[in-house]
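Visitor: Please walk me through this model. I would like to learn how to read its features.

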Amino acid sequence: MMKTVFVHSFGWPDVLSVESSQIPAPQPGELLIEVHYAGVLPLDCAIRSGFAQAFFPVEFPYVPGFAVSGVVAQLGPDVTGFKVGQFVFGNVKGAYSEYAIGKETEIFPMSENLGFKEAAMIPGGGASAWKALFHIGNLQEDQKVLITGAAGGVGQFAVQLAKNRGAYVLATASPSNISFVESLGADLVFDYTKVKLNELKEKVDLVIDNVGGEVQNQAWSILKKSGKLVSLVQPPSEEQAALIGVTGAFVMGVPHRKDFIALANLMASGVIKTEAPNVFDLDSVRQAHTKSELRHGRGRVLLKIK
């Protein structure tokens, strides 16, 4: 038996329930992962509340969570690319559990010098930033990019990846996180409590929106002609984009396998650094969701399970 978090109905974090369940057996093409860390993503909270049901439908009861790091505990009948005892990270269905099943195609080997804590921040954090910047945003060397919510789980990756690509990085952060975002390499950091984006004279090629709402509305004005706004929180207005001659896009799906490996190598070599000061145990999963929903913290919220 194992400890697992279940959700039996939509609602606030108090619908998260820690219960006992059977350890599952991997089927063909699957691995059983002993979970060490699970990422608590904004998407997890949106699904739990029912807000994301149109895009990510669930049937009750379900086990939340996607992003994990851990150790291969058992291989499915036809899995040959991994071995029992190997350190891995990736995407699973039902990460908030002591053991989880992952598809072989969505699990990746951990690089040497990469810890479990750091690896758990790649799916949903580093992977989302990579897709937004490079696959959708097509960011090029010497271009200018604005990253909102730059201290968060996606933002901290986006700042460093953009700088590593040779871009000029503008960012927004709370007063307590400005020094942190500057330490990541951002060229210009704005205190979002004092500066409105639509009052800035700067013009950028790309906006990475990690906040949405009024901040996204303001961000349109900072784009150059033919620029692009890529959001990770809500689909941008097609009408607004067409009105000012720019492009809006919403991040869906995940990058390619080689991108996950590249991210792991960049982190293992120290090129990309991350922070996750908010780590909770499995029994504190309600507090973890409450913290994640505040959306003002630094780095990713994590569950330490092993």
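**Reading the model**

Guide: Aspartate 259 is buried, at a relative accessible area of 3%. Buried means under 20% relative accessible area, exposed over 50%, and partly exposed in between, with a 1.4 Å probe and protein chains only. This is a predicted model: local features need pLDDT of at least 70, side-chain atom pairs count only at pLDDT 80 or more, and totals for chains, interfaces and linings use all residues. Residues are numbered from 1 along each chain as its sequence is written, and side-chain values use heavy atoms, with hydrogens and water left out.

Visitor: Which residue forms a salt bridge with aspartate 259?

Guide: First the rule: a salt bridge is a side-chain nitrogen of Lys or Arg within 4 Å of a carboxyl oxygen of Asp or Glu. Here lysine 258 pairs with aspartate 259, and their closest N and O atoms are 3.4 Å apart. Lysine 258 is exposed, at 57% relative accessibility.

Visitor: How many salt bridges does the rule give?

Guide: The count is eight. One of them joins aspartate 283 to lysine 3, with the closest N and O atoms 2.9 Å apart. Aspartate 283 sits in the loop between β14 (278-281) and α9 (285-294), and lysine 3 in strand β1 (residues 2-7), so the pair ties together parts that are 280 residues apart in sequence. Aspartate 283 is partly exposed, at 49% relative accessible area. Lysine 3 is also partly exposed, at 31%.

Visitor: Where do arginine 48 and glutamate 293 lie?

Guide: Their side chains meet in a salt bridge, 2.7 Å from N to O. Arginine 48 is in helix α1 and glutamate 293 in helix α9, so this pair links distant parts of the chain, 245 residues apart. Arginine 48 is buried, with a relative accessible area of 1%. Glutamate 293 is partly exposed, at 31%.

Visitor: How many helices and strands does the chain have?

Guide: Helices (H or I, at least four residues) and strands (E, at least two) are DSSP runs, numbered from the N terminus. This chain has nine helices and 15 strands. Its radius of gyration is 19 Å, close to the 19 Å of the globule rule for 306 residues, so the chain is as compact as a globular protein of that length. The radius is taken over C-alpha atoms, and the rule is 2.2 Å times the number of residues to the power 0.38. The C-alpha atoms fill a box of roughly 60 × 40 × 35 Å along the principal axes. Of the 306 residues, 52% count as buried.

Visitor: Which residues does phenylalanine 180 touch?

Guide: Contact means heavy atoms within 4.5 Å. Leaving out residues up to four places away in sequence, phenylalanine 180 touches Ala151, Gln156, Glu275 and Arg298. Phenylalanine 180 belongs to helix α5 (residues 178-183) and is buried, at 7% relative accessibility. Across the chain, residues 24 or more positions apart account for 62% of the contacts with a separation of 6 or more.

Visitor: Which residues form a nonpolar patch on the surface?

Guide: Patches take residues with over 30% relative accessible area and no salt bridge; like charges are joined within 9 Å, and nonpolar side chains (Val, Leu, Ile, Met, Phe, Trp, Tyr) within 5 Å. Here Phe55, Phe56 and Met252 make up such a nonpolar patch, with about 280 Å² of accessible area together. Accessible areas come from the Shrake-Rupley method with a 1.4 Å probe; for residues, only the protein chains shown count as cover. Phenylalanine 55 lies in the loop between α1 (42-49) and β4 (67-75).
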